[in-house]
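Biologist: I'd like to learn how to read a few features of a model. Could you walk me through some?

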Amino acid sequence: MGTAMNNYALETRSVIKTYQSDSGVIQAVDDVSLQVAAGEFVALVGPSGSGKTTMLSILAALLQPTSGQILLDGQDLAKMDDRERVLLRREKIGFTFQANNLVPYLSAVENVELMLRLNNRLDKTGKLRARELLARLGLGERMHNLPGQMSGGQQQRVAIARALIHNPSLVLADEPTASLDTERAYQVVETFAGLIHEQKRAGIMVTHDLRMCEFVDRVLQMRDGKLVRIYATRDEIMELVTGGRH
Amino acid sequence: MVQTLSIAGYLAVKEVWRNRGRFLLVSLVIALITLLVLFIAALGEGLGNGNREYISKLNAELIVYQAKSDYLIAASRLGRDRLAAVRRVEGVADAGMLGTSSANLVLPGNVPALKVALLGVEPGHTGEPPVVEGRQLVTGLAQEVLIDSNTAYRSKLKVGDSVTLRVTQGTKDEFYELRIVGITAGQQYSLQPSIFAPFFTWDRIRPKSEAEVNISNPIANVILVKLEDGAQVDVVSQRLVQQVNNVETATLNTAIQALPGYSAQQSTLNTQGGFTLFIGILVIGGFFQIQILQKVAQIGVLKAIGTANHIVAAASVIQIVVITVIGVAIGALLSFLFSLTFPPTVPIVFNGTTSALAVVALLLIGPLGGLVSIRYAVRIEPLKALGLSS
């Protein structure tokens with residue numbers, strides 16, 4: 001167990017998140033343990049209210065669990081204070097969100113460079129890498145466009161570049177295809193998966209669109225806060241994709 | 001710290017530049033508020049100056065009034081016997097009578113007569129203002145006057161010219177011709193340009209009631225006192241009240257505050273200025289609050305990707321300061337340009353200290369107005385802003 005743990009970029013152990021509501025205690029995440037290795041792209045799926053978004057928020061160091069451990073590169077997120085979690089998000093995590101992903105007054109390249117700027121690593125090499133990454137994502141002609149001048153798919157690709165530019169250990173994507181048409185959704189997720197594999201990052205994508213699982217290595221299915229099933233083989237995943245069941 | 005300011009400055013300036021139309025609009029609103037505040041301050045200074053200029057420039061420390069005159073110069077009556085008594089008091093270096101009245105300066109041609117403050121002073125004594133051109137008054141009975149620069153500007157009179165003063169004595173208009181021997185700096189009194197006559201000449205030509213016309217007992221309004229030691233104001237003031245019959249004393253500052261309408265006028269204008277600044281705070285506060293509400297999600301993203309709260313706050317402060325500085329600069333420039341178009345007769349005076357204070361107050365209204373929005377920005381939860389909270 002101890003030896004295996006070292007191979008994972010991310011590991012959670014018995015994570016629980018409860019909320020107090022008028023109707024009693026709600027168990028949003030119930031004893032979830034999972035592992036993601038570097039270079040592995042994982043999908044977190046489940047119906048509405050299954051706890052996948054809460055789990056993503058915990059993994060993103062945006063929400064503290066009620067109990068359990070979240071180890072990212074060996075550091076326990078659950079034990080960190082606010083300042084340490086801000087620093088961790090800046091240095092070790094890359095994000096893409098459903099919408100409002102980009103800072104609207106920064107151009108595509110400036111949005112990508114922002115992560116390097118925040119980490120005080122914006123030098124000539126960094127600037128060059130930002131441009132190369134955008135060019136690889138097919139945005140060579142759009143580098144100086146503002147988000148408002150780009151399509152939803154282009155904005156998502158800029159967000160992907162921003163999520164990867166600072167070499168984070170973990171890349172999180174919350175419904176990255178929610179606002180895209182099918183063709184663009186496939187393009188975005190395929191590109192995302194390719195870069196995660198190539199750059200050896202641990203990637204987790206929350207999605208309700210099971211077709212997008214075609215590009216991931218494993219699918220973690222949640223229901224009522226619990227991790228109920230893991231689709232680990234290509235056959236299982238493709239069965240899920242074609243079946244379209246949560 | 002440098003890193004924080006560098007990132008915050010970058011974000012703030014980029015946002016302002018990329019939304020320059022919207023921010024310029026707010027800067028222009030601040031510019032108009034600046035224009036209004038500076039003009040109210042200048043008007044306050046101009047009107048106040050027109051009221052107090054002569055008194056505030058006096059080379060004296062104390063003014064002696066008739067007792068119970070409530071420090072109203074026009075209500076006080078003091079005879080020459082009191083002047084002698086004042087001069088005998090220990091600690092008094094010099095004292096001079098001051099008589100105040102109004103007259104009409106008759107100008108050649110079809111030009112309407114100029115209303116002036118006709119002030120009687122004792123040549124060579126406290127109360128006679130120094131000339132900037134020509135010479136001082138020589139004797140108390142000479143048919144000569146000094147005019148202040150405002151009178152000179154409005155009447156175009158020069159040293160050596162003769163002036164005709166029209167005054168009402170009894171029921172008749174009387175005309176007196178006097179020669180201008182000197183011009184002083186601005187010495188407005190009661191919002192009028194001034195003419196200074198030797199005291200006995202003044203007493204002869206001043207407006208009089210029927211009963212006063214044939215009386216030759218010169219009565220002044222107040223006595224202006226120069227002390228041997230300016231730090232002994234309280235002591236000498238006490239001696240004056242004790243040793244001179246039926247008088248009260250005031251410092252120049254008290255005398256200015258007691259000038260008719262002065263305090264009311266200044267407090268009215270100060271209140272207007274204060275309210276304008278308050279409106280400025282509300283306008284800027286409102287704008288930035290709406291702005292922050294519009295970009296909750298954007299701030300949520302910034303925080304989610306690791307932007308610390310102090311960077312978000314610093315970016316907001318820098319943004320507010322930048323547009324306030326631009327607005328105040330435009331407003332100050334507009335005020336300066338407008339001020340060039342006003343003739344000196346308009347009571348608007350851009351005094352350096354008053355204007356600087358107004359500018360500092362204006363520069364503070366931005367951050368003050370933006371405080372609520374900055375606090376709001378800092379409290380934005382990235383989870384809620386991004387719709388990730390259950």
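**Around one threonine**

Modeller: Leaving out neighbours within four places in sequence, Thr96(A) is in contact (heavy atoms within 4.5 Å) with Asn101(A), Gln156(A), Ala159(A), Ile160(A), Ala163(A), Leu172(A), Ala173(A), Asp174(A), Pro176(A) and Phe192(A). A word on ground rules: this is a predicted model, where local features need pLDDT of at least 70, side-chain atom pairs count only at pLDDT 80 or more, and totals for chains, interfaces and linings use all residues. Residues are numbered from 1 along each chain as its sequence is written, chains are lettered from A and ligands numbered from 1 in the order written, and side-chain values use heavy atoms, without hydrogens and water.

Biologist: Is Thr96(A) buried or exposed?

Modeller: Buried means under 20% relative accessible area, exposed over 50%, and partly exposed in between, with a 1.4 Å probe and protein chains only. Thr96(A) has 1%, so it counts as buried. Thr96(A) sits in strand S6 of chain A; strands here are DSSP runs of E, at least two residues, and helices runs of H or I, at least four, numbered from the N terminus.

Biologist: In what order do the strands of the open sheet in chain A come?

Modeller: Strands pair if DSSP finds at least two bridges between them. The order of the six is S6-S7-S8-S3-S9-S10, with mixed pairing. S6 (93-96) and S10 (226-231) of chain A are the edges, each pairing on one side only.

Biologist: How many bridges join S7 and S8 of chain A?

Modeller: Five, in the parallel sense. Val171(A) has Gly203(A) in S8(A) as its bridge partner.
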